[in-house]
Amino acid sequence: MSNQGAIPSNDQGPGLFKRIWRFLRHPATTISAGALLLIGVVVGVVFWGSFNWSMEMTNTEEFCIGCHEMEANVYAEYTETAHYANASGVRATCPDCHVPKEWVHKVVRKVQASRELYHKALGSIDSPEKFEEKRLQLATNVWTAMKKTDSRECRNCHEFNSMDFVLQEGRASAAHSDAFKEGKTCIDCHQGIAHSLPANALEAYKEKVSAVYD
């Protein structure tokens, strides 16, 4: 008996897009639990590796001075200090002083730094004149952060408990001994240790920064 003229069957299954959508909604019905676990592990490793690579890539001195605002201003000043060149040959780079070592604090700092991209786009400090106008504000922001963390990044290299005051030059020995007794932190005395001080720096520090925990 001829099948000519028969009504086409509707049992051909769903179309391509429907199959893709079904897979995305219910992958476990198509792929075994073991395969899903393996895919999840691979995706997790790739994501974690990419995240950490990005963190480390943005944590280098080359990245920090990648914009002319930093290279032409604060970096140029830093190269004239003991943190850049000294008798021991130990150099403290930008991230050593401005980025925490601990992972959680580092992530927080990176999130905070995203605001700098906004001001980069606005051109807030894209000329020496604009930078000088903002220097006191920028310095105060850094000083306040360091005061709140008890100069955490300084203490990666410098710690009162590790200092031998007898071996220090007389004035430094007296200052460090008094600071230790009075509970001071590094930034209380060393605001201009790596960069030029803005005008009225001491007054601004006393007014806005030294009162953080007072």
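Which side chain does K147 meet in a salt bridge? The partner is D188, at 2.9 Å from N to O, where a salt bridge is a side-chain nitrogen of Lys or Arg within 4 Å of a carboxyl oxygen of Asp or Glu. K147 lies in helix α8 and D188 in the loop between α9 and α10 (201–209), so the pair ties together parts that are 41 residues apart in sequence. K147 counts as buried at 13% relative accessibility, and D188 counts as buried as well, at 17%. Here buried means under 20% relative accessible area, exposed means over 50%, and partly exposed is anything in between (1.4 Å probe, protein chains only).

A word on the ground rules. The model is a predicted one, so local features need pLDDT of at least 70 and side-chain atom pairs count only at pLDDT 80 or more, while totals for chains, interfaces and linings use all residues. Residues are numbered from 1 along each chain as its sequence is written, and side-chain values use heavy atoms, with hydrogens and water left out.

As for the overall fold, the protein has ten helices and zero strands, with helices (H or I, at least four residues) and strands (E, at least two) taken as DSSP runs numbered from the N terminus. Read from that end, the elements go α-α-α-α-α-α-α-α-α-α. Of the 214 residues, 22% are buried. Contact means heavy atoms within 4.5 Å; among contacts between residues at least 6 apart in sequence, 66% join residues at least 24 apart. The protein exposes about 15500 Å², and carbon and sulfur atoms supply 61% of that area. Accessible areas come from the Shrake-Rupley method with a 1.4 Å probe, and for residues only the protein chains shown count as cover.

Back to the charged pairs. Side chains of opposite charge can pair when their charged atoms come close. The structure holds twelve salt bridges. One of them joins E77 to R135, with the closest N and O atoms 2.5 Å apart. E77 sits in helix α5 (residues 74–78) and R135 in helix α8, so this pair ties together parts that are 58 residues apart in sequence. E77 is buried, with a relative accessible area of 17%, and R135 is buried too, at 7% relative accessibility. Both residues also belong to a network of salt bridges that links E77, E132 and R135. Another pair, K130 and D126, meets at 3.1 Å, N to O. K130 is partly exposed, with a relative accessible area of 34%, and D126 also counts as partly exposed, at 34% relative accessibility.

Leaving aside neighbours within four places in sequence, T144 is in contact with K208, V209 and V212. In the loop between α8 and α9 comes R155, which counts as buried at 18% relative accessibility. Not counting residues up to four places away in sequence, R155 touches D150, F160, K184, T185 and C186.

Next up is helix α9 (residues 170–182), which has 13 residues and reaches 18 Å from its first C-alpha to its last, close to the 18 Å expected at 1.5 Å a residue. That expected span is 1.5 Å times one less than the number of residues. The buried residues of α9 are S173, H176, S177 and A179. Seen down the helix axis, they fall within an arc of 165°, so they line one face of α9; the arc is that of the directions from the helix axis to the C-beta atoms. An α-helix has 3.6 residues a turn, so residues three or four places apart point the same way. On the face of α9 turned away from the buried side are the exposed residues R171, K181 and E182.

Finally, the surface. F47, W48, W103, V104 and V108 make a nonpolar patch of about 560 Å². The elements that give two or more residues to this patch are α2 (33–57) and α7 (103–122), with α7 supplying the largest share, three residues. Patches are made of residues with over 30% relative accessible area and no salt bridge, with like charges joined within 9 Å and nonpolar side chains (Val, Leu, Ile, Met, Phe, Trp, Tyr) within 5 Å. F47 lies in helix α2 and counts as exposed, at 58% relative accessibility.
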